[in-house]
Amino acid sequence: MIDYEQKTKIFKALSEQMRLKILDMLSCKELCACELLSGLSISQPTLSHHMKVLIECDLVKGRKDATWMYYSINIQTVKDLKEFIDFLTNEKDDCICKTVETKCCK
């Protein structure tokens, strides 16, 4: 069963330019919040907001080490998202459209 609600959260998170930049930075390696801030022109509270959104949809993982917070991309969520996009863009026997009766365009 597809969790459309979770997929919606992911797509909403991806629809913001700054979060895409953050993911781009994290694609290289795990980074601490201070490293992210140095590469972005945003305040610490703004970064915290974006990280909260990315963590809540499971695109990013966070870990605390002493007083620093480190972030990395959740590879499994990215793989699942790729599979979902493949699922959406390929014909399938159990397509949701087959349960809908269409009368137009015939």
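**Figure 1. Salt bridge between Glu56 and Lys52 within helix H4.** Glu56 and Lys52 form a salt bridge, with 3.7 Å between the closest N and O atoms; a salt bridge is defined as a side-chain nitrogen of Lys or Arg within 4 Å of a carboxyl oxygen of Asp or Glu. Both residues belong to helix H4 (residues 44-56) and are four residues apart, about one turn of the helix. Helices (H or I, at least four residues) and strands (E, at least two) are DSSP runs, numbered from the N terminus. Glu56 and Lys52 are both exposed, where exposed denotes over 50% relative accessible area, buried under 20%, and partly exposed the range in between (1.4 Å probe, protein chains only). The structure is a predicted model, in which local features need pLDDT of at least 70 and side-chain atom pairs count only at pLDDT 80 or more, whereas totals for chains, interfaces and linings use all residues. Residues are numbered from 1 along each chain as its sequence is written, and side-chain values use heavy atoms, with hydrogens and water left out.

**Figure 2. Salt bridge between Glu30 and Arg63.** The count of salt bridges comes to two. In this view, the side chains of Glu30 and Arg63 meet at an N to O distance of 2.8 Å in a salt bridge. The pair links distant parts of the chain, 33 residues apart: Glu30 is in the loop between helix H2 (17-26) and strand E1 (31-32), and Arg63 is in strand E2 (residues 60-65). Glu30 is partly exposed at 31% relative accessible area, and Arg63 is also partly exposed, at 37%.

Figure 3. A search of the whole structure finds two aromatic pairs. The rings of Tyr4 and Phe84 have centres 6.3 Å apart and planes at 75°, so this pair is edge-to-face. It links distant parts of the chain, with Tyr4 in helix H1 and Phe84 in helix H5, 80 residues apart. Phe84 is buried, with a relative accessible area of 8%. The rings of Phe11 and Phe84 have centres 6.4 Å apart and planes at 50°, so that pair is tilted. Phe11 lies in helix H1 and Phe84 in helix H5, so the contact ties together parts 73 residues apart in sequence. Phe11 counts as partly exposed at 37% relative accessibility. Tyr4, Phe11 and Phe84 form one aromatic cluster. Rings of Phe, Tyr and Trp (its six-membered ring) pair if their centres lie within 6.5 Å; planes under 30 degrees apart count as stacked, over 60 as edge-to-face and the rest as tilted.

**Figure 4. Nonpolar surface patch of Tyr4, Phe87 and Leu88.** These residues form a nonpolar patch on the surface, with about 290 Å² of accessible area together. Patches consist of residues with over 30% relative accessible area and no salt bridge; like charges are joined within 9 Å and nonpolar side chains (Val, Leu, Ile, Met, Phe, Trp, Tyr) within 5 Å. Tyr4 lies in helix H1 (residues 4-14) and is partly exposed, with a relative accessible area of 44%.

**Figure 5. Negative surface patch including Asp58 and Asp80.** Asp58, Asp80, Glu83 and Asp86 gather in a patch of negative charge on the surface. Asp80 lies in helix H5 (residues 75-88) and is partly exposed at 33% relative accessibility. The C-alpha atoms of Asp58 and Lys9 are 9.2 Å apart in space, although the two residues are 49 residues apart in sequence. Lys9 is found in helix H1 and counts as partly exposed at 41% relative accessibility.

Key:
Accessible areas come from the Shrake-Rupley method with a 1.4 Å probe; for residues, only the protein chains shown count as cover. Lys and Arg count as positive and Asp and Glu as negative; His and the chain ends are not counted. The place of a charge is taken as NZ of Lys, CZ of Arg, CG of Asp or CD of Glu.
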